[in-house]
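Please keep the structure open while reading.

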Amino acid sequence: MPASPRQLTERELAVDPIDAARLLLGGTIESTTPEGVVGVRIVEVEAYRGGDDPASHCYRGRTPRNDVMFGPAGRLYVYFVYGMHFCANVVSLTDGVPGAVLLRAGEVVTGLELARARRPAARSDAELAKGPARLTGVLGLDRAHNGTDLTAPDASVRLLAGDPVDPTAIRTGPRVGVAVAVDVPWRFWVDSPAVSAYRRGTRRTRAAPPPER
């Protein structure tokens with residue numbers, strides 16, 4: 001009988017967001033709600049830092065909105081975007097230093113029927129969690145999950161380690177839709193039909209408050 005997947009720890013996630021992004025690829029985020037359990041294998045992520053990353057929510061400092069992104073590592077940072085959707089991030093770096101990894105896309109590996117019910121417009125199973133808002137939607141996450149400790153054994157949302165991904169299989173490129181730091185190659189993905197389409201952001205001529213990403 002195969003062993004149960006191991007839950008990732010705070011120590012493992014308290015690293016630079018670029019390293020955390022690579023670590024998360026191939027792992028699973030699993031959400032338990034009254035409706036059931038949905039697990040998504042992570043196939044695409046983006047790394048965001050703090051004061052040295054103008055595309056980050058924390059570029060201009062700590063606020064009530066981005067407070068969770070300052071740690072501790074392993075917390076879930078959930079935000080509302082475009083007045084329509086929620087997006088989910090895994091906090092990294094040491095406590096007090098901002099950094100996080102946006103979960104951009106994944107493959108549903110547990111709770112497929114529930115995921116289909118939550119995303120009835122999906123034309124295929126590969127589209128169920130293809131994009132950050134879709135991924136968050138199939139997991140049933142919203143603002144109430146902001147700050148959840150993903151490393152706690154009894155958490156309703158958990159991060160499970162996957163098989164190590166061959167570094168040569170990880171692809172990199174610019175982040176999707178950001179208006180600043182548009183060429184920074186901090187998007188990471190592995191080959192999968194669930195990887196979202198790349199959309200280049202419109203470059204700003206000078207730094208400005210980062211958009212809702």
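## Terms and model

Two strands count as paired if DSSP finds at least two bridges between them. The model is predicted.

## Overall fold

The protein chain has four helices and eight strands. From the N terminus on, the order of elements is α-α-β-β-β-β-β-α-α-β-β-β.

How does the radius of gyration sit against that of a compact globule? For 213 residues, such a globule would come near 17 Å; the protein chain has 16 Å, so the two agree. Along the principal axes, the C-alpha trace spans about 55 × 35 × 35 Å. Buried residues account for 51% of the 213 residues. Take contacts between residues at least 6 apart in sequence: 61% of them join residues at least 24 apart.

Strand S3 covers residues 76-81. Strand S4 covers residues 85-91. The two pair in the antiparallel sense, over six bridges. Val-78 stands opposite Ala-88 in S4. Together S3 and S4 form a hairpin, with three residues between them. Tyr-82 is in the turn and has a positive phi of about 60 degrees.

Is S3 largely enclosed or largely open? Five of its six residues are buried, so the rest of the structure largely encloses S3. Tyr-77 is buried, at a relative accessible area of 0%. Tyr-79 is buried too, at 3%.

## Aromatic pairs

How many aromatic pairs are there? The count comes to two. In one, the ring centres of Tyr-77 and Tyr-79 are 5.5 Å apart. Their planes meet at 45 degrees, so this pair is tilted. In the other, the rings of Phe-80 and Phe-86 have centres 4.7 Å apart. Here too the planes are at 45 degrees, so the pair is tilted. The tilted class lies between stacked, under 30 degrees, and edge-to-face, over 60.

## Charges over rings

Arginine also meets aromatic faces. The charged end of Arg-175 sits over the ring of Tyr-48, 4.5 Å from its centre. Arg-187 lies over the face of Trp-189, at 4.2 Å from the ring centre.

## Nonpolar cores

The largest nonpolar core has 43 residues. Which residues have the most contacts inside it? They are Leu-24, Val-40, Leu-159 and Phe-188. Strand S2, residues 36-48, gives the most to this core, with six residues. A second, separate core holds 16 residues, including Ala-55, Cys-58, Phe-70 and Val-81.

Setting aside neighbours within four places in sequence, Leu-24 is in contact with Leu-8, Leu-13, Ile-42, Val-90, Val-101, Leu-103 and Leu-159.

## Backbone exceptions

Most residues other than glycine have a negative phi, and most peptide bonds are trans. Some positions here depart from that. The peptide bond from Gly-71 to Pro-72 is cis, with omega near 5 degrees. Pro-72 is placed in the loop between S2 and S3.

Leu-93 is not a glycine, yet has a positive phi of about 65 degrees. Leu-93 lies in the loop between S4 and strand S5 (100-110). Is Leu-93 buried or exposed? At 18% relative accessibility, Leu-93 counts as buried, because the limit is under 20%. Ala-181 is not a glycine either, and has a positive phi of about 50 degrees. The loop that holds Ala-181 runs between strand S7 (171-173) and strand S8 (187-189). Ala-181 is partly exposed, with a relative accessible area of 23%.

## Around Gly-140

Gly-140 is in the loop between helix H4 (132-139) and strand S6 (157-160). Gly-140 is partly exposed, with a relative accessible area of 25%.

What does Gly-140 touch, not counting residues up to four places away in sequence? The partners are Thr-33, Arg-118 and His-145. Gly-140 and Leu-114 are 26 residues apart in sequence. In space, C-alpha to C-alpha, Gly-140 and Leu-114 are 9.8 Å apart.

Definitions and conventions
Residues numbered from 1 in each chain as written. Predicted model: local features only at pLDDT ≥ 70, side-chain atom pairs only at ≥ 80, totals over all residues. Heavy atoms only, no water. Buried < 20%, exposed > 50% of the residue type's maximum accessible area, 1.4 Å probe, protein only. Core = buried A, V, L, I, M, F, W, Y, C linked by side-chain atoms within 4.5 Å. Contact = heavy atoms within 4.5 Å. Phe/Tyr/Trp six-rings, centres within 6.5 Å; stacked < 30°, edge-to-face > 60°. Lys NZ or Arg CZ within 6 Å of the ring centre and 35° of its normal. Rg over C-alpha atoms; globule rule 2.2 N^0.38 Å.
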